[in-house]
Amino acid sequence: MKALSLPLPAEPMPGQIRFGALRRSAMLLFGTPLNAVLTLLFGVLLVATVPPMLRWLVIDAVLFDPSPRACRVAAGACWSFIYAKSGQLLFGIYPLDERWRPAIVCLLILALLAWSVRPASWAPRLAALWMAALVLIFWLMAGGFGLAEVPTSSWGGLPVTLILTVVAIGVAFPVGILLALARRSTMPAIRIGAVVLIESVRGLPLLSILFVASIMMPLFLPEALLPDKFVRALVALTIFAAAYLAEVIRGGLQAIPNGQYEAAAALGLPFWRTQYLVILPQAIQVAIPALANTIIVMIKNTSLVLVVGLFDLISSGKAALADPDWPSPAAETFLFIGAIFFALSFSFARFADFLERRGPTAH
Amino acid sequence: MLSDARTRSIIIQCALVAVAAAFAALLVSTTFANLRARGIPIGFDFLTMPSRIVISEAILTYKSRDPYYWAIATGLANTVFISAVVIVFSSALGLVVGITRLSSNPLAAGTCRVWVEVARNSPPIVLLIFLYSLWWKVLPPVGEALNPLPGVYASMRGFVVPAVSMDVATPGLLVIALALALAAAGWAAARRRWLPPLTAPAILAVGIAGLWLADAKFFVDWPTFTGSNFKGGKDLTPELSTILIGLIIYTTGFVAEIVRGGVLSVGRGQWDAGHSLGLPRGKILRLIIIPQMLRVIVPPLNSQYINVVKNSTLAIAVGYPDFLAVMNTIISKSSHSIEGVFIILGVYLALNLSLSSAANWYNRRIAIVER
């Protein structure tokens with residue numbers, strides 16, 4: 001016990017903290033034989049890969065030199081291509097003079113998304129705000145009423161990705177709720193219908209649904225009613241999202257104890273008001289982390305519409321690469337596009353983490 | 001009151017079924033009208049006709065004069081091959097990455113975390129196109145091929161690996177031996193939750209004895225460089241290699257997260273309880289920790305495996321002929337779109353349902369038996 005009563009220095013010397021931190025990291029890196037082996041293994045791996053990557057990404061790269069010739073001679077990445085082509089990469093084949101319109105649309109959607117993820121702004125008027133924003137977005141994109149008209153076949157790039165994501169999830173959400181309720185229904189015809197629909201959509205790759213939508217719709221529908229490629233892809237994405245959201249919401253519904261239904265019945269609430277006022281608010285609250293994950297999957301999935309000929313970010317990247325003046329820096333372009341998707345879904349993932357930590361709010 | 005609610009429910013269901021039937025009838029009649037208007041025949045008899053489509057590479061042998069059904073089988077074999085390779089490799093890698101993420105070593109945990117975040121937050125199709133664009137940038141021409149492992153070469157033309165082939169004199173004996181080994185495994189699995197220690201060697205011995213009796217010979221075909229190209233070995237084209245590497249990188253990120261969740265879900269108290277019973281570490285791991293971990297990781301792992309089958313359709317992005325790409329070519333070539341769509345839907349549903357029922361069977365076996 002004598003050792004414990006030794007007077008400790010009131011303040012550690014400045015060098016001591018340094019030493020302590022050093023010692024701690026040395027312990028973490030080499031404390032046990034396993035840690036030492038891991039450090040050596042990953043150290044060799046990082047030393048072998050990181051410096052060449054950095055050299056390519058930054059040191060040898062052409063950053064702002066606007067002439068394509070600089071890229072031809074440089075050993076590193078050609079970022080000036082991204083810089084010179086940013087308009088085409090982000091907005092695709094949208095008419096050159098009208099690019100301010102998709103730019104505003106992108107900013108509007110991103111701002112609204114940022115606003116919507118604040119738990120404080122979750123209220124029925126948020127839905128009204130989105131409806132108003134969507135009308136504005138379609139007016140800005142498609143034109144009419146004073147703006148030059150732009151057909152959906154000329155839409156491209158980031159706004160297509162964002163609009164597809166937002167509209168598909170927005171429409172799929174109420175459909176998903178209905179499907180989830182139908183799957184838990186006591187009426188066998190409704191339950192079986194919902195199960196067949198949900199399970200067959202979930203059993204299929206999104207690409208095959210997109211293909212089927214683009215192959216079958218011209219056969220299913222009379223020619224006059226045939227929607228264009230954009231709407232076809234949107235329908236396929238919405239059906240896909242609805243099936244996945246339905247399962248997530250069903251998970252939330254299963255977490256609601258029977259007492260809630262009994263209490264609502266005791267108050268004499270009819271079925272739909274029970275769901276709307278009592279069950280769904282709690283079920284969705286429980287399901288929010290899983291919902292956020294589904295939304296990340298949908299953000300990533302919109303990148304698949306290129307295979308049915310829609311002009312999303314990847315297709316506009318490919319189109320920009322076709323310019324013969326430039327040395328076709330494909331890796332840089334797809335890295336840039338990947339970074340956009342990464343930024344979108346990574347920020348959403350962090351938001352989901354935040355909600356998970358926050359836990360369900362008390363009612 | 002009860003009869004009232006019941007009649008109402010019956011009326012609602014009848015109305016729903018009637019609406020669905022009317023909708024389906026409308027779709028079918030419009031479809032037939034559209035098909036007649038365009039003069040497109042319906043029927044599956046085109047399957048036996050020669051396809052004359054080109055499949056750029058295949059696991060099975062395929063020639064363009066083969067019938068349509070063989071083209072479909074070739075595409076399906078490619079899809080199954082990609083899925084199987086990706087599932088095996090990403091499960092093993094994911095186990096390592098997931099456990100390394102829990103390590104106290106910041107270098108190891110950090111690197112694995114970067115891997116997981118990149119995989120989880122980038123669309124697989126962008127990852128594949130990016131990797132494909134790197135191919136000609138990073139790898140040397142065929143004359144200066146990298147040789148990272150003996151017999152493995154990497155160059156602009158893809159990977160070349162040693163090929164293993166087997167020559168069996170009497171295939172019947174081999175089949176009998178394999179059936180015996182399978183039956184023994186099934187019997188052992190049915191009798192006990194954990195296989196008795198001697199079963200695995202016994203099954204192996206039966207298999208090896210079967211191989212020996214059937215007079216099987218193994219050949220390893222090592223690739224050799226001859227002037228301008230490789231001779232022998234198995235060629236993995238840049239397209240196939242890209243889709244395999246890309247999907248393995250992508251899936252590993254998800255498997256790693258599932259494994260990490262599984263490890264974290266078993267509390268420290270379980271280890272302590274095992275120690276206090278005097279069990280050695282290996283037994284605690286085998287009898288206490290792993291069974292509880294499996295229970296947590298099998299359901300999400302199952303949906304991940306199904307995702308691999310679905311993601312294999314992205315092969316189309318780099319031009320590898322998987323099942324969906326082949327079907328797409330067949331549909332545009334033969335204009336039998338309805339039949340093609342039914343085959344696409346049927347095959348993917350069958351693949352995914354069989355995968356998930358296998359996983360569900362396994363899941364039931366390891367689930368908690370509650371009284």
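**A tour of the chain A and chain B contact**

Select both chains: 44 residues of chain B are in contact with 42 residues of chain A (contact means C-beta atoms, placed from the backbone, within 7 Å). This is a predicted model, where local features need pLDDT of at least 70, side-chain atom pairs count only at pLDDT 80 or more, and totals for chains, interfaces and linings use all residues. Residues are numbered from 1 along each chain as its sequence is written, and chains are lettered from A in the order in which they are written.

Next, colour helix H1 (2-38) of chain B. Helices are DSSP runs (H or I, at least four residues), numbered from the N terminus. H1(B) gives the most to the side of chain B that touches chain A, with 11 residues. Helix H11 (337-366) of chain B is also among the elements that give two or more residues to that side.

Now select helix H10 (residues 206-220) of chain A together with H11(B). How do they pack? Their axes are 10 Å apart, at an angle of about 155 degrees (axes are lines fitted to C-alpha atoms over the stretch in contact, and angles run from 0 to 180 degrees between N-to-C directions). That makes H10(A) roughly antiparallel to H11(B) (an angle over 145 degrees).

Show the side chains. On H10(A), pick Ser208(A), Val212(A), Ile215(A), Met216(A) and Leu219(A). They meet Ser337(B), Val341(B), Ile344(B) and Tyr348(B) in H11(B). The residues of this contact divide into 7 nonpolar, 2 polar and no charged (Ala, Val, Leu, Ile, Met, Phe, Trp, Tyr, Cys and Pro count as nonpolar, Asp, Glu, Lys and Arg as charged, the others as polar).

Terms used:
Two residues are in contact if their C-beta atoms, placed from the backbone, lie within 7 Å. Angles under 35 degrees count as roughly parallel, over 145 as roughly antiparallel, 65 to 115 as roughly perpendicular and the rest as oblique.
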